[in-house]
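Please examine the sequence and the model shown below.

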Amino acid sequence: MIACLGRIVHDTDAESKPDDDVSSISKFLDLQGSIESGCITDVAGKDFGGLYSVKPLVLIKPSGAEDIARVVKAASRTSHLTVAARGNGHSINGQAMADGGLVIDMRSTEENHFKFLTINGSPYIDVSGGALWEDVLTRCVSRFGLAPRSWTDYLSLTVGGTLSNAGVSGQAFRYGPQTSNVTELEVVTGKGEITVCSETQNSELFFGVLGGLGQFGIITRARVKLQPAPDMVRWIRVVYSEFEEFTRDAEFLVTQKEGESFDYVEGFVFSNNDDPVNGWPSVPLDPDHEFNPAHIPQTAGSVLYCLEVAFHYHNSNHPSTVDTAVSRLLGRLGFVERLKSQVDVSYVEFLLRVKRAEEHAKANGIWGSPHPWLNLFVSKSDIVHIDRTVFKKMVKDGIGGPMLIYPLLRSKWDSRTSVALPEGEIFYIVALLRFVPKGPSVEKLVAQNQEIVKWCIKEGLDFKLYLPHYQSEKDWKRHFGNQWTRFAERKASFDPRAILAPGQKIFKRTHQS
């Protein structure tokens, strides 16, 4: 099979292009799954960001890890073919694309693994790397009354996709990111080897793949920690006019022991005006209760801050018990009186909250618009500079989408993974999640993102890009800092020809020696 593909893709000529005879490639690969070409650019050559478009050679829908291994091995026998694993296509900057290469649709493997296990008395679920987190949620809750501990805000993402980055939401302060909540992976390396890895077995691969931006292997199975799922969530938003008071309370909540805080802590910035998308109307959870600006202190500036928290409970809990617990926690906070909004929803409904926003955006025709998003991890020591310059000046009028900001704890992250973090125990995620119409404004907002990053570098802020996107090795080396040597060594060990995830633009494809 490899020899035949080698004749199709001439590995002796670095400039040669592969034969586009898909039936020939399919025959020689001998896959159990399928191969598609033709009009695949709309699927495999684009992503949620809508900023890049490339044309892959083929889109491969594998039946499982064996097919993926065959594809990677075949690519390794050529001089230039690359392989990109595509989950649900929610990258922003073309990270899951392969220009002229082989794109693997991981969604075709979603049903390959779903097995409940109990190990040393603790529950786990084995799931496919191509499974969506929303499906893992609903199946685990309905079948077992259990659920994973750590989430992302949006759950129509694949397990392998988020684990290749980190996976962060309002539970991460307690349980760490999703990368801290898996104990075993099955991975297809850049050598085409199917390898099971964990903290104690092939540990360098295990920790390398977690947060590894797809550089060392394609995740085909993950063993995820579970815990009992609550029935209900009291979802609450409270408003602050002063950044210092907002961050003080947010940091207080994320540093309390379990049982002494909320179960979910996030926050966002919004404009101090009546703009329906960026201003006051974006805050209330209950549509029957409007935001009353009369309660805003006269000292408030151009932006306000919302602390978003959630309290889990069971149907068996008496309402007064829940009220008392929530009131006790809120009583320790210094938000603006009478600027509080809350609703009670089911646990599953709460975790799928962005799904409703997606449906609304699709109905309004803006879900398919470009999304020039920017995600940063910023040290606590520098977060006030982000507020003064970015929030209060550069984006004070809003961005057409959420501006998230909330604290995380470094001690909940495993330093052995590939994720790059700022220094210090407390750091913040800052996310500018723009929804914009197509046109010149997109380029302008991409330029503004670049301006923000350059400003952070110029001012010497301790920050890292989350879901990073750089074009040069110099920038990548700065991003990883003293972790770069380890990152490069892992690449040499597990994907020496730089076949995997070319869209990240970290390493250049090397020729066969």
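Two strands are said to pair if DSSP finds at least two bridges between them; helices (H or I, at least four residues) and strands (E, at least two) are DSSP runs, numbered from the N terminus. The model is predicted, so local features need pLDDT of at least 70 and side-chain atom pairs count only at pLDDT 80 or more, while totals for chains, interfaces and linings use all residues. Residues are numbered from 1 along each chain as its sequence is written, and side-chain values use heavy atoms, with hydrogens and water left out.

**An open sheet and its helix**

- Four strands form an open sheet in the order S1-S2-S4-S3, with mixed pairing.
- Strand S1 (34-36) and strand S3 (83-86) stand at the edges with a single partner strand each, so one side of each has no neighbour in the sheet.
- From one strand to the next, the twist averages 25° (axes are lines fitted to C-alpha atoms, for helices over the stretch in contact, and angles run from 0 to 180 degrees between N-to-C directions).
- S1 pairs with strand S2 (residues 58-61) in the antiparallel sense over 3 bridges, and Glu36 stands opposite Leu59 in S2.
- Helix H4 (residues 65-76) packs on this sheet and touches S2, S3 and strand S4 (102-105); contact means heavy atoms within 4.5 Å. The direction of H4 makes about 170° with that of S4.

**Nonpolar cores**

- A nonpolar core is a set of buried Ala, Val, Leu, Ile, Met, Phe, Trp, Tyr and Cys residues joined through side-chain atoms within 4.5 Å. Buried means under 20% relative accessible area, exposed over 50%, and partly exposed in between (1.4 Å probe, protein chains only).
- The largest nonpolar core has 104 residues, and among those with the most contacts inside it are Leu185, Phe262, Ile386 and Phe391.
- Strand S13 (residues 303-313) gives the most to this core, with 7 residues.
- Not counting residues up to four places away in sequence, Phe391 touches several residues, including Val269, Val303, Ile386 and Leu432.
- A second, separate core has 22 residues, including Leu57, Ile60, Ile68 and Ala74.

**Helix H13**

- In helix H13 (residues 383-394), the buried residues include Ile383, Ile386, Asp387, Val390 and Phe391. They cover an arc of only 120° around the axis, which puts them on the same side of H13; the arc is that of the directions from the helix axis to the C-beta atoms.
- An α-helix has 3.6 residues a turn, so residues three or four places apart point the same way.
- Asp387 has a relative accessible area of 1%, and apart from neighbours within four places in sequence it is in contact with Phe243, Tyr305 and Lys392.

**Salt bridges**

- A salt bridge is a side-chain nitrogen of Lys or Arg within 4 Å of a carboxyl oxygen of Asp or Glu. The whole structure contains 27 salt bridges.
- Asp126 and Arg223 form one of them, at 2.8 Å from N to O. Asp126 lies in strand S6 (residues 122-128) and Arg223 in strand S10 (residues 217-228), so the pair ties together parts that are 97 residues apart in sequence. Both Asp126 and Arg223 are buried.
- A network of salt bridges links Asp126, Glu184, Arg221 and Arg223.
- Asp387 and Lys392 also meet in a salt bridge (3.0 Å, N to O); Lys392 is partly exposed, at 34%.
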